[in-house]
Amino acid sequence: MKIKVAGVKKEVQDGLTVSQLIIDENVETPEYVTVTVNDEFLENDQFDSTVLNEGDNIEFLYFMGGGQ
Amino acid sequence: MIKLRQSDYEKIVAHAKSEAPIEACGLIAGEISGGDKIIKKVYILTNVDHAEEHFTLDPKEQLKAVKDMRAEGLVPLGNWHSHPVSPSRPSDEDKRLAFDSSASYMILSLMDKEPVLNSFHIEGDKAEKEELVIEQG
C-alpha cells in the first residue's frame with residue numbers, strides 16, 4: 001500500500017504499525033517523537049496498536065524544548 | 001555560518017519582549033547553500049509550558065509550521081527561544097533536550113539592556129557557537 005511519510009510517498013507492506021514504521025524509518029530518540037496520522041496526534045502507547053492504512057499521511061515531530 | 005534578516009531578528013526580539021518574563025520560542029526555516037544556513041522564515045510558536053524557565057513548542061503549531069515549510073520549499077533549520085533573565089548560552093536542560101545535531105539552536109537573552117542573540121550547534125553535552133550574521137532586509 002502507499003502512504004506518505006513527512007510528505008514523501010512510500011510503498012509499505014499492508015498491516016504496518018506505527019511502531020514498525022518508526023523502526024523502518026530509523027527514527028532517532030523515538031521516545032521524544034510525536035506521531036500524527038492524518039493530523040491526529042497519537043499517544044505513545046498507541047504506536048503498537050495503530051495499523052496504517054492506504055493513503056495515510058504520517059508526520060514525525062521531534063520534541064523541542066528546554067529551559068534556562 | 002547562519003544568516004538571519006534584520007527584520008526577522010527584530011520579529012524575534014519584539015515577540016520575546018512581549019512574552020517576558022515567560023520564555024518565548026519558535027522555529028527557523030530556510031535553505032542551506034554551500035554549507036551556510038540562510039533563514040528565510042521565522043515562526044513564532046506558543047510555549048505550552050507558559051513558564052519563565054522552560055519552554056516546549058506547541059506540537060500542533062509545530063505540525064502546521066512543518067507543513068508550511070514544505071509548501072514553501074523551505075527546510076527546517078532549527079529553533080529559537082528566549083532567556084528573559086539569563087545569558088545567551090544553552091543551559092544544561094537545553095543541551096539535554098537538543099535531539100537534533102543538524103539543527104541550529106538560537107537563544108536570545110534579554111537580561112541586559114541590549115538583547116543578545118547567539119546560535120549554537122549542540123551535540124551531546126557539547127555546544128559550539130555558530131557564526132551568526134544579521135543581514136539587512
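Author: The expected span of a helix is 1.5 Å times one less than its number of residues. Helices (H or I, at least four residues) and strands (E, at least two) are DSSP runs, numbered from the N terminus. This is a predicted model, in which local features need pLDDT of at least 70, side-chain atom pairs count only at pLDDT 80 or more, and totals for chains, interfaces and linings use all residues. Residues are numbered from 1 along each chain as its sequence is written, while chains are lettered from A and ligands numbered from 1 in the order in which they are written.

Reader: What should the 14 residues of helix α1 (residues 6–19) of chain B span?

Author: At 1.5 Å a residue, a span follows from the 14 residues of α1(B).

Reader: Which residues of α1(B) are buried?

Author: A residue is buried if 20 or more other C-beta atoms, placed from the backbone, lie within 10 Å of its own, exposed if 12 or fewer, and partly exposed in between. On the other side of the helix, B:Gln6, B:Ser7, B:Glu10 and B:Ser18 are exposed. The buried residues of α1(B) are B:Asp8, B:Ile12 and B:Ala16.

Reader: Which residue of β4(B) is the bridge partner of A:Gly67?

Author: Two strands pair if DSSP finds at least two bridges between them. Three bridges join strand β6 (residues 65–67) of chain A to β4(B), and the two run antiparallel. The partner of A:Gly67 in β4(B) is B:His54.

Reader: How many residues does the contact take from chain B?

Author: Two residues are in contact if their C-beta atoms, placed from the backbone, lie within 7 Å. Chain A gives 16 residues, and chain B gives 21 residues.
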